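The following exercises are intended for a reader who is new to this structure. Each task is followed by a solution in steps.

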Amino acid sequence: MKLLFAVFLFIISFFRVDAFDAQGFTLFTIDQNIATFECASTCAINLGDYTNNDQVQLSGEVVGNGTLSLGILVGTNVNVLQNYNVQELLILDENYTLFNKNFYARIPEGAQLVLVFSGQMSSQEFGVSSHTAGFITHITEFIQSNEGLTPYSINLRYGSQLFGMSWTQILYIVFIVFAALLFLLGKGNKQNILYLTLVLFLLVMTKNMYDFGRTYYEGVQSYHLSDTQKTFHHMGDYYDFTHNVREKMGIDDVSDPRGINCSYYSECQSHWPFCYNWRTIFLQPCQNTKDPNEADFILLHKKEIPASFQSKEVLHSQNGSYLLKN
Amino acid sequence: MWIFFGTKYKGLLLYIVSWFVGLGVVTAFFYALQIFVFGISKWEYFMLLVVLILSFFIKLFLSKYSIKKYFSTLCLDISFSPIRESFLALSRVKKIFSLTFFGYILVFLLLSLLYNISFPTYFDDSFGNWTLGAINMYFDGGYRVFGSEDEILGKGGRTNYPIFVSIFRALVADFSGFWYEIYQNLFQYVSFFFTVMFTFVISFKKTKDIFVSLLPPFFITSIPLVFFHITDGYMDLASGLYSVFTIYFLYRFLSKKNYENFVLGALFGALLIGTKNDALVVYLPGIVFGFIIYLFLNKEISDFFRGLCTRNNITRLGFIVLFFLAPQFFVRFYHGLALNPQANDGFENPAWWHLEIFTYADDIFILENNYNLILLLIPLLFLGFWKGKKSFILYSVIFIFAIFIAVFLFTSNYRWVLDQTTVNRAFMSCFVILVSFFALIYSDKKQK
């Protein structure tokens, strides 16, 4: 059934979706995928059903200040796939494919793909389109997909996909079909089935070697960059911010930091890996507390300072992240 | 190895086994030492070395062998002729497969080594469970057994996890004079490298077929999750590797009824407990059940105990229990250390079983690329055994799988299936154990 669905997608991949639902804009017009808009605080564009639109193209200039987020709307929550920070001017030419973001466990069917604007932004010619990627795009994206770089590489939960299907699932189907043929044509000879198994293993292993090699190369490239450039596991400026925060909190002041006694409250754009790694690794021995009133410090990663914290002293701010003294 | 097993093991097998046994002896020694004397450093290590050398010379004096006979076990004696002859006897298709497997294995080992030496510990669990404890022991110069529970490792290390690997890392840091994570993290790679070599050696020794012998190392390296677990600092893979050695030497004992193999298998079982708590709950019970079932089905239980109850065997097993196991259990009991506290943390669903875990089976085993196409191997291995052929290896693997499923099904650990933070790597170790013995199981089946 899924194979038929994949063929159907291939056929309709030549057609593109034009009109989108838009909310919250003070001005929004769109013609042939070119939008003109003005957003004062929070606005959103519905790009259509996530399962039918696995490629999003964004282009043009956005002026203002804020964040542009591409995500999947699940209930009332947006699972952010990609963030773009707008600081005065952002020039976009993005061709974003969603193949690697199909977390098998749990995005429901029918979830909507959305583009959320947070802040004061506008554009005269903003190109936006969502559609099903073409055949060649599917193939090239599959080859380039690299599950090793996901944060969950202790468990490979994303999986490379081909036409929306797990590639290992496809190979299992291939095995069943060809093993049956070999068994019948070979009159019960099992050795050919063993060879078929080995060939399929080798196919997967070849892709894995490519993935592992790329994982190593990209990890080395980003890990040995300066903190401001580091994108190991796509952390953005997290390391640089953490480095500065450790200095301000006094964790790096002593040669053996285990004598330090401090606490902090944190909020992050996503708990994993940012707040999680602060709690478990990078801000130890400072303890994380869930009560902001008890904490010595307040940490906000890519989050605006809420009204209740406005009176607190800002010890450090960096690209929309803040360290406050309680 | 010489002290306990004399000249029984030699050549490449001796070197490989010595890495694990030596590491285990050193770390168990330091673990036990901390009960009496505070200190983990190179000076205590040299003291242990002196004791071991003296013990060996006492044994030499009391035994009939000359030292030359012991040194002869160190000769590698690697002869490529049997490998060459086996290769030349293969069909063209099998020659191509064999060369391809060999190439892939080499590339995998090189890539995983490069990855291992390029990045420090990244994942919070591996840092908190094993690295942080080692850092604390290195900076403190030891760990305090008596005192508050926090002082066992102090300041953040998770005290309920076995600390043998952490002790080894602290010692390596002491020898090098500084903390450098990449040196410390090489433990996993070296252990993995030796295990891959071991699976080839034992397979070729049994089958004399290069094609079949390359299958276990090829299948192990073809499991994608293995690559990351060589490098990520978790101990699931290490538990699987120690299980391989435990099962192998018990298998060898069951084949030849040589109690040296049984004692060595028991020793690896004791070392296995020092890797991760899962060993005590899952791996070792699975292996023990498999062993008992095999003896029962072959009606060999009374013969086994009769052969076991000799002064030599009882002495060696008693030493294993006293030296490797007793200190661990004492510290656990003294501090009331739980085996699985994280599972009960915030546990809210009191249902006695959780069938919902099975809804994730297709995600874990088929859709996600954790294990390559591993399910295809299972019929190949089990085919032919339904007629009653007995296999200790298969019994052990089946029990290990079954215990893991029971743990996820009947305890609060079901949550780690729903969010897939533990289950994938747990079964990775099971598959590593299974494919390590692919050649042995395959040849046993053929000899039926």
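**Exercise 1.** Determine how many salt bridges and how many residue pairs in polar contact join chain B and chain A in this predicted model.

*Solution.* Begin with the salt bridges: the count between chain B and chain A is zero. Turn next to the polar contacts, where six residue pairs are found between the two chains, both residues being at pLDDT 80 or more.

**Exercise 2.** Identify which helix of chain B gives the most to the side that touches chain A, and classify the residues of that side.

*Solution.* First, list the helices of chain B that each supply at least two residues to this side; among them are helix 6 (92–116), helix 7 (124–140) and helix 23 (423–436). Second, select the greatest contributor: helix 6 of chain B, with 11 residues.

**Exercise 3.** State how many residues of each chain are in contact, and what area the two chains bury between them.

*Solution.* On chain B, 61 residues are in contact with 53 residues of chain A. The two chains bury about 5,300 Å² between them, and 70% of this area is on carbon and sulfur atoms.

**Exercise 4.** Decide whether B:Phe4 is buried, partly exposed or exposed, and locate its contacts.

*Solution.* Leaving aside neighbours within four places in sequence, B:Phe4 is in contact with B:Lys59, B:Arg316 and B:Phe319. Finally, B:Arg316 is 312 residues from B:Phe4 along the chain, with 7.3 Å separating their C-alpha atoms.

Technical notes: Residues are numbered from 1 along each chain as its sequence is written. Chains are lettered from A and ligands numbered from 1 in the order in which they are written. This is a predicted model: local features need pLDDT of at least 70, side-chain atom pairs count only at pLDDT 80 or more; totals for chains, interfaces and linings use all residues. Side-chain values use heavy atoms; hydrogens and water are left out. Contact means heavy atoms within 4.5 Å. Buried area is the accessible area (1.4 Å probe) that two parts lose on being put together, summed over both. A salt bridge is a side-chain nitrogen of Lys or Arg within 4 Å of a carboxyl oxygen of Asp or Glu. A polar contact is a pair of N or O atoms within 3.5 Å; within protein, one must be able to donate a hydrogen and the other to accept it, and residues adjacent in sequence count only if both atoms are side-chain atoms. Helices (H or I, at least four residues) and strands (E, at least two) are DSSP runs, numbered from the N terminus. Ala, Val, Leu, Ile, Met, Phe, Trp, Tyr, Cys and Pro count as nonpolar, Asp, Glu, Lys and Arg as charged, and the others, Gly among them, as polar.
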